[in-house]
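Hello,

Here is the structure I promised to pass on. My notes follow below it.

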Amino acid sequence: MSASHLIVVGVDGSEGGRRALDWAAKEATNRGGALRAVIAWRWDGGTAVSPIEERQRANDLLDSELAALAARHGAAVPVVGEVHEGRAAEVLTLAARSADLLVLGSHGHSRLQHTVLGSVSEECVRKATCPVVVIPVPVLTASATGTSS
(Lines give C-alpha, C1' and ligand atoms only; values in the text may rest on other atoms or scores of the structure.)
Protein backbone atom coordinates (compact mmCIF):
# COMPACT_ATOMS: atom_id res chain seq x y z
CA MET A 1 0.00 0.00 0.00
CA SER A 2 1.40 3.35 -0.93
CA ALA A 3 -1.34 5.63 0.43
CA SER A 4 -0.22 8.62 2.44
CA HIS A 5 -2.44 7.77 5.41
CA LEU A 6 -2.70 4.17 6.62
CA ILE A 7 -5.44 3.06 8.98
CA VAL A 8 -5.34 -0.41 10.54
CA VAL A 9 -8.68 -1.78 11.76
CA GLY A 10 -9.37 -4.88 13.82
CA VAL A 11 -11.97 -7.24 12.37
CA ASP A 12 -13.62 -10.04 14.34
CA GLY A 13 -17.14 -10.46 12.97
CA SER A 14 -18.77 -8.69 15.92
CA GLU A 15 -21.06 -5.65 15.79
CA GLY A 16 -18.25 -3.60 17.32
CA GLY A 17 -15.82 -4.83 14.69
CA ARG A 18 -18.26 -3.91 11.89
CA ARG A 19 -18.81 -0.46 13.31
CA ALA A 20 -15.02 0.03 13.56
CA LEU A 21 -14.56 -1.17 9.97
CA ASP A 22 -17.23 1.24 8.68
CA TRP A 23 -15.78 4.16 10.65
CA ALA A 24 -12.23 3.37 9.49
CA ALA A 25 -13.35 3.14 5.84
CA LYS A 26 -15.02 6.56 6.04
CA GLU A 27 -11.96 8.05 7.76
CA ALA A 28 -9.58 6.58 5.17
CA THR A 29 -11.78 7.95 2.37
CA ASN A 30 -11.86 11.41 3.97
CA ARG A 31 -8.07 11.44 4.38
CA GLY A 32 -7.30 9.96 0.96
CA GLY A 33 -5.68 7.00 2.68
CA ALA A 34 -5.81 3.24 2.69
CA LEU A 35 -7.24 0.65 5.02
CA ARG A 36 -5.60 -2.52 6.35
CA ALA A 37 -8.23 -4.83 7.87
CA VAL A 38 -6.59 -7.29 10.26
CA ILE A 39 -8.02 -10.39 11.90
CA ALA A 40 -6.19 -12.47 14.49
CA TRP A 41 -6.80 -16.15 15.09
CA ARG A 42 -5.61 -18.81 17.53
CA TRP A 43 -6.40 -22.48 17.66
CA ASP A 44 -7.43 -23.46 21.15
CA GLY A 45 -8.73 -26.93 20.32
CA GLY A 46 -12.31 -25.62 20.61
CA THR A 47 -14.82 -25.94 17.79
CA ALA A 48 -12.27 -26.11 14.97
CA VAL A 49 -10.86 -29.54 14.21
CA SER A 50 -7.37 -28.22 13.44
CA PRO A 51 -5.30 -25.05 13.19
CA ILE A 52 -5.77 -25.20 9.42
CA GLU A 53 -9.55 -25.15 9.86
CA GLU A 54 -9.32 -22.26 12.37
CA ARG A 55 -7.19 -20.21 9.96
CA GLN A 56 -9.69 -20.92 7.17
CA ARG A 57 -12.53 -19.71 9.38
CA ALA A 58 -10.60 -16.47 9.97
CA ASN A 59 -9.99 -16.08 6.20
CA ASP A 60 -13.67 -16.72 5.44
CA LEU A 61 -14.79 -14.25 8.11
CA LEU A 62 -12.45 -11.55 6.80
CA ASP A 63 -13.59 -12.14 3.21
CA SER A 64 -17.22 -11.88 4.32
CA GLU A 65 -16.65 -8.67 6.31
CA LEU A 66 -14.75 -7.04 3.42
CA ALA A 67 -17.45 -8.04 0.92
CA ALA A 68 -20.10 -6.53 3.19
CA LEU A 69 -17.98 -3.38 3.56
CA ALA A 70 -17.73 -3.06 -0.24
CA ALA A 71 -21.50 -3.47 -0.51
CA ARG A 72 -22.06 -0.70 2.05
CA HIS A 73 -19.36 1.74 0.90
CA GLY A 74 -18.29 0.73 -2.60
CA ALA A 75 -14.66 0.75 -3.64
CA ALA A 76 -13.94 4.30 -2.49
CA VAL A 77 -10.97 3.30 -0.34
CA PRO A 78 -8.15 0.84 -1.02
CA VAL A 79 -8.49 -2.10 1.40
CA VAL A 80 -6.09 -4.94 2.11
CA GLY A 81 -7.11 -7.80 4.38
CA GLU A 82 -4.62 -9.68 6.54
CA VAL A 83 -5.00 -12.80 8.65
CA HIS A 84 -2.42 -13.39 11.39
CA GLU A 85 -2.01 -16.08 14.02
CA GLY A 86 -1.66 -14.84 17.58
CA ARG A 87 -3.29 -12.95 20.41
CA ALA A 88 -5.52 -10.21 19.02
CA ALA A 89 -3.93 -7.30 20.90
CA GLU A 90 -0.41 -8.37 19.94
CA VAL A 91 -1.34 -8.91 16.30
CA LEU A 92 -3.15 -5.57 16.04
CA THR A 93 -0.49 -3.46 17.75
CA LEU A 94 2.22 -5.06 15.62
CA ALA A 95 0.20 -4.47 12.43
CA ALA A 96 -0.31 -0.83 13.46
CA ARG A 97 3.38 -0.06 14.03
CA SER A 98 3.67 1.55 10.59
CA ALA A 99 0.13 2.95 10.64
CA ASP A 100 -1.16 6.44 11.28
CA LEU A 101 -4.17 5.15 13.22
CA LEU A 102 -5.52 1.95 14.78
CA VAL A 103 -9.32 1.55 14.92
CA LEU A 104 -11.12 -0.99 17.11
CA GLY A 105 -14.60 -1.79 18.31
CA SER A 106 -15.14 -1.35 22.04
CA HIS A 107 -16.28 -4.96 22.47
CA GLY A 108 -15.81 -7.94 20.20
CA HIS A 109 -16.21 -11.66 20.53
CA SER A 110 -14.72 -12.21 23.94
CA ARG A 111 -15.74 -14.35 26.87
CA LEU A 112 -14.81 -11.49 29.20
CA GLN A 113 -16.49 -8.13 28.75
CA HIS A 114 -15.11 -5.07 30.53
CA THR A 115 -17.48 -2.28 31.50
CA VAL A 116 -15.99 0.42 29.27
CA LEU A 117 -13.59 -1.24 26.83
CA GLY A 118 -13.14 -4.83 25.81
CA SER A 119 -9.96 -6.53 26.96
CA VAL A 120 -8.39 -6.38 23.47
CA SER A 121 -9.13 -2.70 22.91
CA GLU A 122 -7.93 -1.88 26.43
CA GLU A 123 -4.60 -3.64 25.82
CA CYS A 124 -4.19 -2.01 22.40
CA VAL A 125 -4.74 1.46 23.89
CA ARG A 126 -1.89 0.77 26.31
CA LYS A 127 0.54 -0.81 23.82
CA ALA A 128 -0.03 0.85 20.44
CA THR A 129 2.63 3.19 19.03
CA CYS A 130 0.06 5.19 17.03
CA PRO A 131 -3.21 6.88 18.02
CA VAL A 132 -6.06 4.46 18.75
CA VAL A 133 -9.74 5.13 18.11
CA VAL A 134 -12.21 2.89 19.92
CA ILE A 135 -15.68 2.88 18.39
CA PRO A 136 -18.41 2.30 20.99
CA VAL A 137 -21.15 -0.25 20.57
CA PRO A 138 -24.53 1.11 21.64
CA VAL A 139 -25.88 -0.46 24.80
CA LEU A 140 -29.50 -1.51 24.46
CA THR A 141 -31.68 -0.44 27.35
CA ALA A 142 -34.66 -2.39 28.58
CA SER A 143 -37.03 -0.01 26.75
CA ALA A 144 -35.07 -0.45 23.48
CA THR A 145 -35.24 -4.24 23.71
CA GLY A 146 -38.93 -4.31 24.58
CA THR A 147 -38.40 -5.83 28.01
CA SER A 148 -39.30 -4.35 31.33
CA SER A 149 -37.49 -4.49 34.62
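Of the chain's contacts with a separation of 6 or more, 73% join residues 24 or more positions apart; contact means heavy atoms within 4.5 Å.

Please note that this is a predicted model: local features need pLDDT of at least 70, side-chain atom pairs count only at pLDDT 80 or more, and totals for chains, interfaces and linings use all residues. Residues are numbered from 1 along each chain as its sequence is written, and side-chain values use heavy atoms, with hydrogens and water left out.

The chain has 5 helices and 5 strands. Their order from the N terminus is β-α-β-α-β-α-β-α-β-α. Helices (H or I, at least four residues) and strands (E, at least two) are DSSP runs, numbered from the N terminus.

The chain has 149 residues, and 38% of them are buried (under 20% relative accessible area, 1.4 Å probe, protein chains only).

Now the helix pair. H3 (residues 88–95) packs against H4 (residues 119–127) at about 40 degrees, and their axes are 9 Å apart. Ala-88, Ala-89, Leu-92 and Thr-93 make the contact from H3, and Val-120, Glu-123, Cys-124 and Lys-127 make it from H4. By class, the residues of this contact are 5 nonpolar, 1 polar and 2 charged. Here Ala, Val, Leu, Ile, Met, Phe, Trp, Tyr, Cys and Pro count as nonpolar, Asp, Glu, Lys and Arg as charged, and the others, Gly among them, as polar.

Best wishes

Key: Buried < 20%, exposed > 50% of the residue type's maximum accessible area, 1.4 Å probe, protein only. Axes fitted to C-alpha atoms, helices over the stretch in contact; angles between N-to-C directions.
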